[in-house]
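User: Hi! I would like a close look at one part of this model, with the cut-offs spelled out as you go.

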Amino acid sequence: MAPTTTTRSDYVRALPKLSDVAELVGLDASGVTRAIKRLDIEPLRWGGRDKHLAVADVLTIAANAQRASLE
């Protein structure tokens, strides 16, 4: 099997966008944006407009929003 290397762009592209996070957590997109500002989370940018969140940040938002379980 050939070795695989993951570049930063592949990693960021695989992370959920803000709209995906909103659906997972059970908030509106504006609620996710407010939670990002309140928790001082820095989203990862992809391209000119897309913002992605790391998995740990998604769990932090879910825990603080108290809308969806962490499981």
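Which residues in helix 2 are buried?

Analyst: Happy to walk through it. This is a predicted model, in which local features need pLDDT of at least 70 and side-chain atom pairs count only at pLDDT 80 or more, while totals for chains, interfaces and linings use all residues. Residues are numbered from 1 along each chain as its sequence is written, and side-chain values use heavy atoms, with hydrogens and water left out.

In helix 2, the buried residues are Leu18, Val21, Ala22 and Val25. Buried here means under 20% relative accessible area, exposed means over 50%, and partly exposed lies in between, with a 1.4 Å probe and protein chains only. Helices are DSSP runs of H or I with at least four residues, strands are runs of E with at least two, and both are numbered from the N terminus. The buried residues of helix 2 line one face of the helix, because they fall within an arc of 105° seen down its axis; the arc is that of the directions from the helix axis to the C-beta atoms. On the other side of helix 2, Glu23 and Leu24 are exposed. Just after helix 2, Gly26 has a positive phi of about 90°.

What lies over that buried face? The cover includes helix 3, strand 2 (50-52) and helix 4.

Strand 2, part of the cover, holds His52, which is buried with a relative accessible area of 3%. The His52 side chain reaches the backbone oxygen of Leu15 at 2.8 Å and that of Val12 at 3.3 Å. These are polar contacts, meaning pairs of N or O atoms within 3.5 Å; within protein, one must be able to donate a hydrogen and the other to accept it, and residues adjacent in sequence count only if both atoms are side-chain atoms.

Terms used
Contact = heavy atoms within 4.5 Å.
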